[in-house]
Amino acid sequence: SEGGMRVKTLFLLCTVTCCLAQKSGILSSPNIIIMLMDDMGWGDLGVFGQPSKETPNLDAMAAQGMLFPNFYTANPLCSPSRAALLTGRLPVRNGFYTTNGHARNAYTPQEIVGGISKDEILLPQMLKKRGYISKIVGKWHLGHRPQYLPLEHGFDEWLGAPNCHFGPYNNSVKPNIPVYNNSEMLGRYYEEFRIDRKMGESNLTQMYLLESLDFVRRQAEAQRPFFLYWAPDATHAPVYASKGFLGKSQRGRYGDAVVELDYSVGEILSLLRSLGIDNNTFVFFTSDNGAALMSGPHQSGSNGPFLCGKETTFEGGMREPAIAWWPGHIQEGAVSFQLANVMDLFTTSLALAGVSPPDDRTIDGLDLTPVLLNNSVLDRPIFYYRGNELMAVRRGQYKAHYWTWSNSWAELKKGINFCPGQEVPGVTTHEQKEHTMMPLIFELGRDPGEKYPIRFGDKEYMDALSWISPVVEEHKSTLVPGIPQLNMCDVAVMNWAPAGCEKLGKCLKVPSSQPLKCDWPH
């Protein structure tokens, strides 16, 4: 009958459309996994030349996906870079900076009063519009007071801790850091969650891996799109690995932690394949900042050929290892020289999910889908901020430093060195040095280590300056800084009595409030 023919035609049309949609790489709401390492350096991966070649799973991930040699964080320190990833905005906009001093790195230790502002819109809040279930596993670091925790900012589930795993503390002067399941603590680091500082042994990475695998399985079974933010912290000093991985690396204890994380990445990707959802899951691997060279060779990684490390706006502090993986969509073995940034993960994830980014605020992240799917290259700058100061800007292969500073002479004399064995006269300065009128300019293609500034007055210098200057002027003239969240500290706000402590008998006496301005020495 005519009606039957119409139904058949409609059915055929739908089938063809679906096939075309799948062929062109348009799948509705792919799952999203962002793997964010802690203090892992660009040079820690075999694919980036680490001589021990101890990251077979990450190297395979790169061979099956796209490698980004020019990928950056938004800040050379943990908390601000994580705030930037989840908001798509520079820390100077989202409030994760301090005005207590000029160009000072600030983060969220236990004493911090502030955290991520309720006015900021985080990635999981946006993904909810398309029915995503979101989980964070590992370190949060955007504030530990109740109003700042993940489930208040769009996440549905959480297993992990609000702060770094520093300790052990004696619980009278300072409490040990709590580990949360969703909105209630399960125990504390060094107590229920053992970290043996002497041996460097802890099973936390295994716990974080199993929790992630369980989450992926549950969502796949329920056929719900999911966002997994996997943020293990084993490569942050004091570094640790579980018993089965201790002594496995040629690189010592830090290397053991990397080997275990590499194994974990392999397990997650393998599960996606066995569940048959690898073609519908976008995975991105990167790190929050450069390797923490000041922690010494036993407790920190490698920034490859780059200058200095964590806390600095030299390449070693902000250029990150980065791999995108999405079988059937991203060309295998691709290398993108796109200048990209951790904030792009916000905008790109929204684009993949089919959600428009917020239009009532400046978003600094770019949509990288043309890069991922077509290997296009977009002209865009990289801004290197330290606290409230724009220290440097990269455009193309040229990087201009408007301020240089590693750390103060006083800090250096105490043995705190952000550039061990890498002092470059006039570049790695120990006082804040302004170069606004005549910035130091490096061509990073031939000088990735920032050792040879281009001579002032050379044609190359003048051309590079005239190319970068308009970008800087436009950025500065339109910038509206957010309200700084990292200015105030108070011993009374530490993790004395987190939610759930009553049930466990783990509540500690809260001292009287002593608000004061936080001291940020570098």
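Residues are numbered from 1 along each chain as its sequence is written. In this predicted model, local features need pLDDT of at least 70, side-chain atom pairs count only at pLDDT 80 or more, and totals for chains, interfaces and linings use all residues, while side-chain values use heavy atoms, without hydrogens and water.

An unreviewed UniProt entry lists C78 and H141 under "active site". UniProt positions follow the numbering used here, feature names are shortened, and annotations may be inferred rather than shown by experiment.

C78 lies in helix 3 (residues 78–87). Helices (H or I, at least four residues) and strands (E, at least two) are DSSP runs, numbered from the N terminus. C78 is buried, at a relative accessible area of 2%. Buried means under 20% relative accessible area, exposed over 50%, and partly exposed in between (1.4 Å probe, protein chains only). Not counting residues up to four places away in sequence, C78 touches Y107, K139, H141, D288 and N289. Contact means heavy atoms within 4.5 Å.

H141 sits in the loop between strand 4 (133–139) and strand 5 (157–161). H141 is buried, with a relative accessible area of 0%. Beyond neighbours within four places in sequence, H141 contacts C78, S79, R82, F96, Y107, T108, P162, N163 and C164.

The largest pocket has a volume of about 430 Å³. A pocket is an open set of points on a 1 Å grid over the protein atoms alone, where a 1.4 Å probe fits, with protein on both sides within 12 Å along at least five of seven lines; lining residues have an atom within 4 Å of a point. Points are joined across faces, edges and corners, and the volume is the space filled by probe spheres set on them. The lining comprises 23 residues, with Y107, F166, M294, E311 and H522 nearest the pocket centre. By class, 15 are nonpolar, four polar and four charged. Nonpolar covers Ala, Val, Leu, Ile, Met, Phe, Trp, Tyr, Cys and Pro; charged covers Asp, Glu, Lys and Arg; the others, Gly among them, are polar.

W405 occupies the loop between strand 17 (403–404) and helix 11 (409–413). W405 is buried, at 3% relative accessible area. Leaving aside neighbours within four places in sequence, its contacts include R104, F314, R386 and H522.
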